[in-house]
Amino acid sequence: MTRNRKTPAVIALCCAVAGVGLVGCDDGTSPANDAAGSSASAEQALQGSKKIEVDGRSVHVTCSGRAAEDQPVVMLMHGGGDNVKKMAGFQKKLSKKHRVCSYDRLGAGTSDKPKKAQSIEDSGKVLNGVLDEVAGDHPVVLAGHSLGGLLAARYAPDHQDRVAGLVLMDATPPTQNADVKRDVPESAEGPAAQVRDQFVAISSGQNPEKLVIRDGKVRSAGDIPVEVLKHGKQYLAEIPEHGKALERSWSEGQKKWLKISSNSSLATASKSEHYLYLDEPGLAAKAVERVAAQADRT
């Protein structure tokens, strides 16, 4: 699943869904434009890497590029088990044309660890605080990968005054809990059983973010531009016996996200596994740029 292919397929689903730290999803890439600790004006302070306080907790954010008046700010949202380092190269690529920010959710990277279990709504409150700091009155395009895509899609319907577009990059499907439990029955043995057990643990909050991941209906965010990208190179199918069913469910799950907007589209990154913004950064970047351009005209 990762570019260096060190993560076996039996662990891939768990990394794709919530990415526990045990499986080492982070590749150790350094964040772009790191300017932590610089003392500058308010505008300059939002360039580079810094810690901000959100509801009494320290959250690491990094921003690069600048937005023209009324141009949307792009917020990248990393997958589970990852942090801003993973998306640093992609952020640098996008920041040539846009103001782009990313942040470590609580329990990820160098942000504070959560004191207790978090809900998806709790995660959204942290995102609110981050956007207040880095975007101000600018509209926002959320570009989320894996778990970050699910969180972006859950956030957008309740914040239509702020979210002007979405890019969901192989986002965790909205019915992933039910899908996995159906596709891998309790009677499963071997690698498939390992996947099921780890997935159940992760979804119940046994992950670095202590995030409880529940299924839910896809709610509408109106007619904002939305591009859904899914991987084209099958890797879940390698899981013995139940892998093909898991691949089908993942693919169907990407289609379900289309219901979030009347202005949505689905494309396949044919050369990519789960980390499609690493495998095909050009394709992913163009999707973000298209959505940002549409959002800029609304």
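The protein has 298 residues, of which 57% count as buried (under 20% relative accessible area, with over 50% called exposed and the range in between partly exposed, using a 1.4 Å probe and protein chains only). Its secondary structure comes to 10 helices and 8 strands, taken as DSSP runs numbered from the N terminus (H or I of at least four residues for helices, E of at least two for strands). Among contacts (heavy atoms within 4.5 Å) between residues at least 6 apart in sequence, 77% join residues at least 24 apart.

**Basis of the values**

- Because the model is predicted, local features need pLDDT of at least 70 and side-chain atom pairs count only at pLDDT 80 or more, while totals for chains, interfaces and linings use all residues.
- Residues are numbered from 1 along each chain as its sequence is written, and side-chain values use heavy atoms, with hydrogens and water left out.

**Disulfide**

- The structure holds 1 disulfide (a pair of cysteine sulfur atoms within 2.5 Å).
- Cys-63 and Cys-101 form this bond, with their sulfur atoms 2.1 Å apart.
- The pair links distant parts of the chain, 38 residues apart: Cys-63 is in strand S2 (residues 57-64) and Cys-101 in strand S4 (residues 100-103).
- Both Cys-63 and Cys-101 are buried.
- The disulfide is right-handed because the torsion about the S-S bond of Cys-63 and Cys-101 is about 110°.

**Ser-249**

- Ser-249 lies in helix H8 (residues 243-256) and is buried, its relative accessible area being 9%.
- Its side chain makes a polar contact with the side chain of Arg-182 at 2.7 Å; a polar contact is a pair of N or O atoms within 3.5 Å, where within protein one must be able to donate a hydrogen and the other to accept it, and residues adjacent in sequence count only if both atoms are side-chain atoms.
- Not counting residues up to four places away in sequence, Ser-249 touches Asp-179, Arg-182 and Asp-183.

**Asn-207**

- Asn-207 sits in the loop between helix H7 (190-203) and strand S7 (226-231).
- Asn-207 counts as buried because its relative accessibility is 10%.
- The side chain of Asn-207 reaches the backbone oxygen of Ile-202 at 2.9 Å, and a polar atom of that side chain lies 2.9 Å from the backbone oxygen of Leu-211.

**Met-169**

- Met-169 is found in strand S6 (residues 163-169) and counts as buried at 0% relative accessibility.
- Leaving aside neighbours within four places in sequence, Met-169 is in contact with residues including Met-87, Phe-90, His-145, Leu-229, Leu-276 and Tyr-277.
- The C-alpha atoms of Met-169 and Gly-148 are separated by 8.7 Å, the two residues being 21 apart along the chain.

**Cavity**

- A cavity is a set of points on a 1 Å grid over the protein atoms alone where a 1.4 Å probe fits but cannot get out; lining residues have an atom within 4 Å of a point.
- Grid points are joined across faces, edges and corners, and a volume is the space filled by probe spheres set on the points.
- The count comes to 1 cavity of 30 Å³ or more, and the largest cavity holds about 40 Å³ of space.
- Tyr-103, Arg-105, Leu-106, Gln-118, Ser-123, Val-126 and Glu-209 line the largest cavity.
- The lining divides into 3 nonpolar, 2 polar and 2 charged residues, where Ala, Val, Leu, Ile, Met, Phe, Trp, Tyr, Cys and Pro count as nonpolar, Asp, Glu, Lys and Arg as charged, and the others, Gly among them, as polar.

Key. On a 1 Å grid over the protein atoms alone, a cavity is a set of points where a 1.4 Å probe fits but cannot get out, and a pocket is an open set with protein on both sides within 12 Å along at least five of seven lines; lining residues have an atom within 4 Å of a point.
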